Amino acid sequence: MNTDTRSTLTEMLDMLKKGEMTEGQQKYFAEGVVTQEGNDAPVIGKQAAIDRLAKFRETLGIVGFISYEVGSVAVVGDVSFYDAVLKVKLTTGDTISLEQVVRSEWKDGKVTSERYYHG
């Protein structure tokens, strides 16, 4: 187990738990990060990942962050896995929960590849 990867992941998850999703991407994503939603085509680049998150918020009509609850976490070498539930408030006034599993590859304290699995 790479202690540095685990401690960096913990720092990033602490930001995400506060709703600092974009800030977490800005701080922990490598410039050339490759991100992928399930079986969708990969997106290359930090700014492209940040833009996709903004589009996701807009498309769903997210107006408020409620919580980001992290369940199990595993780190093997420079690869991490965790499951999480994001709860947000929509423009309609509804609250929704989104569940996902995240697999990340790390190098020099930055995420170089991240894939999101959700139903």
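User: Where is D108 found?

Analyst: D108 is found in the loop between β5 and β6. Keep in mind that this is a predicted model.

User: What is the phi of D108?

Analyst: Positive, about 55°, although D108 is not a glycine. Most residues other than glycine have a negative phi.

User: Is D108 buried or exposed?

Analyst: Exposed. Its relative accessibility is 75%.

User: OK, zoom out. How many helices and strands are there?

Analyst: The protein has 3 helices and 6 strands. Along the sequence the pattern reads α-α-β-β-α-β-β-β-β. The radius of gyration is 14 Å, close to the 14 Å from the globule rule for 119 residues, so the protein is as compact as a globular protein of that length.

User: What box do the C-alpha atoms fill?

Analyst: Roughly 45 × 25 × 25 Å, taken along the principal axes.

User: And what share of the residues counts as buried?

Analyst: 36% of the 119 residues. On contacts, take those with a separation of 6 or more: residues 24 or more positions apart account for 48% of them.

User: How many residues are in the largest nonpolar core?

Analyst: The largest nonpolar core has 23 residues. L9, M12, L16, Y68 and Y82 have the most contacts inside it.

User: Which elements each supply at least two residues of this core?

Analyst: The helices α1 (3-17), α2 and α3 do, and so do the strands β1, β3, β4, β5 (95-107) and β6.

User: Pick L9. What does it touch?

Analyst: V73, V75, S80, Y82 and W106. That leaves out residues up to four places away in sequence.

User: Now α2. Which of its residues are buried?

Analyst: Helix α2 covers residues 21-28, and its buried residues are M21, T22, G24, Q25 and Y28. Seen down the axis of α2, they fall within an arc of 160°, so they line one face of the helix.

User: How far apart are G19 and V102?

Analyst: 83 residues in sequence, and 16 Å in space, C-alpha to C-alpha.

User: Switching to charges. How many salt bridges does the count come to?

Analyst: The count comes to 3 salt bridges. Side chains of opposite charge can pair when their charged atoms come close.

User: Start with E31. What does it form a salt bridge with?

Analyst: K46. The closest N and O atoms of E31 and K46 are 3.2 Å apart. The pair links distant parts of the chain, 15 residues apart: E31 is in strand β1 (residues 29-37) and K46 in helix α3 (residues 46-60).

User: And is E31 buried or exposed?

Analyst: E31 is exposed, with a relative accessible area of 60%. K46 counts as buried, at 14% relative accessibility.

User: Next one. Which side chain does K87 meet in a salt bridge?

Analyst: K87 meets E69, at 3.8 Å from N to O. K87 lies in strand β4 (residues 79-90) and E69 in strand β3 (residues 62-76), so the pair ties together parts that are 18 residues apart in sequence. K87 is partly exposed, with a relative accessible area of 28%. E69 also counts as partly exposed, at 43%.

User: What does E105 form a salt bridge with?

Analyst: R103, with the closest N and O atoms 2.8 Å apart. E105 is partly exposed at 31% relative accessible area, and R103 counts as partly exposed at 27%.

User: Now E114. What is its nearest side chain of opposite charge?

Analyst: R52, which is 7.4 Å away. E114 is buried yet has no salt bridge. The cut-off for a salt bridge is 4 Å between a side-chain nitrogen of Lys or Arg and a carboxyl oxygen of Asp or Glu.

User: Where is the place of E114?

Analyst: In strand β6 (residues 110-117).

User: So what is E114 in contact with?

Analyst: M12, F29, V34, T35, Q36, V102, R103 and S104, leaving aside its neighbours within four places in sequence. M12 is also among the residues with the most contacts inside the largest nonpolar core. R103 is the residue that forms a salt bridge with E105.

Key. Residues are numbered from 1 along each chain as its sequence is written. This is a predicted model: local features need pLDDT of at least 70, side-chain atom pairs count only at pLDDT 80 or more; totals for chains, interfaces and linings use all residues. Side-chain values use heavy atoms; hydrogens and water are left out. Helices (H or I, at least four residues) and strands (E, at least two) are DSSP runs, numbered from the N terminus. Buried means under 20% relative accessible area, exposed over 50%, partly exposed in between (1.4 Å probe, protein chains only). Lys and Arg count as positive and Asp and Glu as negative; His and the chain ends are not counted. Contact means heavy atoms within 4.5 Å. The arc is that of the directions from the helix axis to the C-beta atoms. A nonpolar core is a set of buried Ala, Val, Leu, Ile, Met, Phe, Trp, Tyr and Cys residues joined through side-chain atoms within 4.5 Å. The radius of gyration is taken over C-alpha atoms; the globule rule is 2.2 Å times the number of residues to the power 0.38.
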